[in-house]
Amino acid sequence: MGAAFIQSRSSSVSTAGTVFDQLAAEYDQIFTDSIIGRAQRDSIWKILTNTFKANDNILELNCGTGEDAIFLAGRGVSVFACDASQQMIARAEQRLCRKSSILPVVFCHLPTERIGELHPELRFDGAFSNFSGLNCIDDLGAVASALSDLVKPGGLLLLCFSTRFCLIEILHYLIRSQYRKAFRRCTGHTMATLGNLQFPVYYPTLRQIRGHFTPQFRLRSYTGIGVAVPPSYCESWARQHTSLFHFLCRFEQVLATIPIFRVTGDHMLLCFEKVS
């Protein structure tokens, strides 16, 4: 993997980074190892393995505790993985240390807003961001511009966003008469709370995301994630109704590529190509 160098700068921690520092110790238990988290990630990994191949050198944004980076590295993909949370990076490095073989992955504490400070020896073959990390970014155009400098022509971006309209979430909260939660995404912006901290979350539409990444990148495809599989806060329900949950996992494969449904699930996975 080509070394990536960062310009020296006084340390600053994004609000999201501070929040996820608090969550890092429990994140794998809450999401990574949950049956809903596993089901949604398996759907993404099927596309991920068809997008990046052995000997590719990719940049991962918002890598969390390193689950995806280590998965890719185990398949021979070199990964330079960044996250705004220092504690998430610490967990990722601990996960890497537990592996019996040396894997081509480097973890770096770096918020997405600062990826323009990276100066790799060679441009990356592509970039990847999973599970809504980019929903914490208010200026996607700046991220697109930085990625345009970092990714070689023809390189691919695989970016997973939370959608603006999640049908399962709307129904889930309407049934419980929690109307504000039912439509919390629909305005395009909300304040999320973890412990005593709040941080902004943005829900851009597909058209808005596409606009931010044009003309440097062109949209090749997009797939729904969590179209039939419910969001992670339904974990207790999923464990109590395993047969129905496994049916929904199979049904997900049918709905995920149907136009209206692939933008109304919990997430959407977009594949962009760097324009020559």
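Is Phe247 buried, partly exposed or exposed, and what is its relative accessible area? Phe247 is partly exposed, with a relative accessible area of 41%; here buried means under 20%, exposed over 50%, and partly exposed in between, using a 1.4 Å probe and protein chains only.

A word on the background. This is a predicted model, where local features need pLDDT of at least 70, side-chain atom pairs count only at pLDDT 80 or more, and totals for chains, interfaces and linings use all residues. Residues are numbered from 1 along each chain as its sequence is written, and side-chain values use heavy atoms, leaving out hydrogens and water.

Phe251 is partly exposed too, at 34%. Phe247 and Phe251 sit four residues apart in helix α10 (residues 242-255), so about one helical turn separates them. Helices (H or I, at least four residues) and strands (E, at least two) are DSSP runs, numbered from the N terminus.

Rings of Phe, Tyr and Trp (its six-membered ring) pair if their centres lie within 6.5 Å; planes under 30 degrees apart are stacked, over 60 edge-to-face, and the rest tilted. That rule gives eight aromatic pairs, including these two:

| Pair | Centres | Planes | Type |
|---|---|---|---|
| Phe213 and Phe217 | 6.0 Å | 65° | edge-to-face |
| Phe247 and Phe251 | 5.9 Å | 15° | stacked |

Phe213 and Phe217 are both buried.

Now for strand β7 (residues 151-162): nine of its 12 residues are buried, so the rest of the structure largely encloses it. Strand β6 (residues 124-129) runs parallel to β7, with five bridges, and strand β11 (residues 267-274) pairs with β7 antiparallel through seven. Pairing takes at least two DSSP bridges between the strands.
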